[in-house]
Amino acid sequence: MPLQVSPLGDSGSRIQISGRFDFALHRDFREAYRNQAQSGHVFRVNLAQAQYMDSSALGMLLLLKEHADTLRGKVVIEAPPLAIRRILEVASFDKVFSIEA
Amino acid sequence: MNGIAPSGAQTLLGPALVVDDDPTSRLVLERMLLAEGYQVLAAINGGDAVGQFAAASPGLVFLDVMLPDIDGYEVARQIRELAGDRYVPLVFLSSLSEGEALTRCIAAGGDDFLSKPCRREVLRAKLTAIERTRRLYERARRQNDELNLLHDRMQRDQEIAEQVFSAAVMADNAASDLLQTLLRSADTFNGDIMLSAPTPQGGLCVLLGDFTGHGLAAAIGALPLSQTFHAMVGKGFGMQEVLTEINAKLRHLLPTGMFMAGCLVRLEPDLSHATIWNSGMPDVLIRDGASGALRARVPSQHPPLGVLPRFLPGVAPLSLEIANGDTILLCSDGVTEASDPGGELFGEARLEAAVCDAPADAIFARVTASLDAFTRGAHQDDDISLVVIPCQPALFGRRPQGGEGTPGLPTTSWAWSLRLEADSLRSTDPLPLAIGHLAAMGIPEAHRQPLFMILAELFSNALEHGLLGLDSCLKHETDGFVAYYAQREQALAALADGAITLSLACRQEDGQAVIVLGMTDTGPGFDVDGLERATAGGRLPCGRGIQVVRGLCRSLVFLDQGRRVEARYVL
């Protein structure tokens, strides 16, 4: 499964990405958070199993952040592998998102 | 031709053609088919069968293998050819054993076979299966047609976008024969963009951008980007202001999730330093002309443009020392992430090696050769862009290819002025506004450049010496530059009262079209005669700016005890 969603406690959820994080996941990724309307909800995007990320994935993260902002929630990027971490750094996304190792 | 299929659903299959020379078995099959709701046509030999098929276009054929004239399999082949793209299930009739018959039948282009004598239940089952397959086939064909149509439309749209892009966006670029550029798109349309524009101070600004997405999505961003870039750089706006405006425009225009990674390089004509901004692109490389080593790398310092509502505090373009003979290289991630057939990436190390190993005048050739050798024809997934900027005096003073001709000199008189008080002086740069006005009034580019220099000198004098009371001599000392600007920042922040009025007028004087530039400040003024005596004697180094202005103007006079200066420039 390239994308799996699981709840985290009662105020968060984890979206786990495996394999390629690219435009093919566009719909599934959006479905994963679209109906979440809880105020202050924390979305954790776990990239430990992701092998590749491109600019459309950066765009998808921005869309998630936009949604989270309307809920006064938060987006945390978890465990990006080295290559993906580098992409996030070049895009200075570490200045826009919380990134946890 | 409608009938009711075994499944009960309406079928448009059309009549069934039964080809059998044996009248008994033919009749039996005909009867069964009529009972199932099909119209039936009959043929007694191969020739008759082909003829009837051509005439009536049946939707289904039952064909005996043993025919008196032509071999059943050959008849099948001819019928298939006549049917073309149309789905016409062909069922062989045979008394041969199952396994052997089926193999030969399928090989000959048949879809199924019925062993003789036919049984009603078997026929029914096969008809159901045939119906099911036909529906699938029809759906697939409809979808395929729709897909082809959409694809053709998309292709046409992309070609239009490509034309608009080239014409409207790239044509304004400052003559780029010295800027070496590689722009290789991954498909019809390029999501990377390269823009270059001269600054009014005689310098050059180069931008390399990488939009998310391809095709039309990138085109939409490129047009306003190019217009903003050329207009603002041409008017003399500073880098920070140009970037702020681009960021705002893209953020407003592009949907969330779409943005443009970009790097911007600004070079002054004296080649003393380069100002570089990198948001989301691979490191900008500066190669030392003398040694060939990398003098500096400027990594990405900020998220791409169009992501954040405003710039992160404390992040600004970097000012770096360069020298004549250096080379600056910009590229998009299509270069560093280009892969070879095995999936390995080109990477920063190989790029830097190519840049440093190359002879100074062949850097572009070496990098592109290295990239091509590495990728060895592997499929290009992303747009590849590369700009090599040789830091040479010849880079400057070029006009864009599509530049303005020489319109007739303005004959109408006009006057324009702008007065800025303390708060506005802190927040607004009046120079681009003045240049914008000159452009709007039809003053050609060739004049706007020296006019900008004159205005810049007069304004900085009025502000820094007239209002803020700074000592200009400090500015010209080697280490005094930084200290001077620190003082300037402080003094400007503390300014409570005071105003500067900038004025422009266009008049005919003594048969010449003249621009009269005026600058008035509300400061205490200065000893005009004393200054003029000192600068005339060449003893005061800090009057240099004014000397240059005098050289460009027909006249320069100080009035009102030095609070007002009027320069006359002949068009």
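A cavity, on a 1 Å grid over the protein atoms alone, is a set of points where a 1.4 Å probe fits but cannot get out, and a lining residue has an atom within 4 Å of a point. Grid points are joined across faces, edges and corners, and a volume is the space filled by probe spheres set on the points.

Welcome to the tour. This is a predicted model, in which local features need pLDDT of at least 70 and side-chain atom pairs count only at pLDDT 80 or more, while totals for chains, interfaces and linings use all residues. Residues are numbered from 1 along each chain as its sequence is written, chains are lettered from A and ligands numbered from 1 in the order in which they are written, and side-chain values use heavy atoms, with hydrogens and water left out.

**Stop 1: the cavities**

A search of the whole structure finds 5 cavities of 30 Å³ or more, and the largest cavity has a volume of about 40 Å³. Which residues line the largest cavity? Select Pro200(B), Gly234(B), Ile435(B), Glu445(B) and Arg448(B), and you have its lining.

**Stop 2: the two chains**

Chain A has 3 helices and 5 strands, running β-β-α-β-α-β-α-β from the N terminus on. Chain B has 17 helices and 22 strands.

In chain A, 45% of the 101 residues count as buried; in chain B, 48% of the 571 residues do.

Contacts (heavy atoms within 4.5 Å) can also be sorted by sequence separation. Among those in chain A between residues at least 6 apart in sequence, 68% join residues at least 24 apart.

**Stop 3: aromatic rings**

Next, show the side chains of Phe, Tyr and Trp. Their rings (for Trp, the six-membered one) pair if the centres lie within 6.5 Å; planes under 30 degrees apart count as stacked, over 60 as edge-to-face and the rest as tilted. By this rule there are 10 aromatic pairs over all chains.

Select Phe29(A) and Tyr33(A) to see an edge-to-face pair, with 5.8 Å from centre to centre and 75° between the planes. Both residues lie in helix α1 (residues 26–34) of chain A, 4 residues apart, about one turn of the helix. Phe29(A) counts as buried because its relative accessibility is 1%, and Tyr33(A) counts as buried at 5%.

Move to chain B for Tyr73(B) and Phe92(B), a tilted pair at 5.1 Å centre to centre, with 55° between the planes. Tyr73(B) lies in helix α3 (residues 72–83) and Phe92(B) in strand β6 (residues 90–94), so this pair ties together parts that are 19 residues apart in sequence. Both Tyr73(B) and Phe92(B) are buried.

**Stop 4: the nonpolar cores**

A nonpolar core is a set of buried Ala, Val, Leu, Ile, Met, Phe, Trp, Tyr and Cys residues joined through side-chain atoms within 4.5 Å. The largest has 63 residues, and those with the most contacts inside it include Phe21(A), Phe29(A), Ile193(B) and Phe229(B). Helix α2 (residues 55–70) of chain A gives the most to this core, with 7 residues.

Centre the view on Phe229(B). Leaving aside neighbours within four places in sequence, Phe229(B) is in contact with residues including Leu195(B), Cys205(B), Gly234(B) and Leu264(B). A second, separate core of 42 residues includes Leu455(B), Ala513(B), Val549(B) and Cys553(B).

**Stop 5: a buried arginine**

Find Arg488(B) in helix α15 (residues 480–494) of chain B. Is Arg488(B) buried or exposed? Arg488(B) counts as buried because its relative accessibility is 17%. Not counting residues up to four places away in sequence, Arg488(B) touches Leu463(B), Glu464(B), Leu468(B) and Leu470(B).

**Stop 6: backbone details**

Most residues other than glycine have a negative phi, and most peptide bonds are trans. The peptide bond from Lys116(B) to Pro117(B) is cis, with omega near 0°; look for Pro117(B) in the loop between β7 (112–115) and α5 (120–169).

Finish at Arg376(B), whose phi is positive, near 45°. Arg376(B) is in the loop between α10 (363–375) and β17 (384–390), and counts as exposed at 57% relative accessibility.

Definitions and conventions
Helix = DSSP H or I, 4+ residues; strand = E, 2+ residues; numbered from the N terminus. Buried < 20%, exposed > 50% of the residue type's maximum accessible area, 1.4 Å probe, protein only. 1 Å grid on protein atoms, 1.4 Å probe; cavity = no way out; pocket = protein on both sides within 12 Å on 5 of 7 lines; lining within 4 Å.
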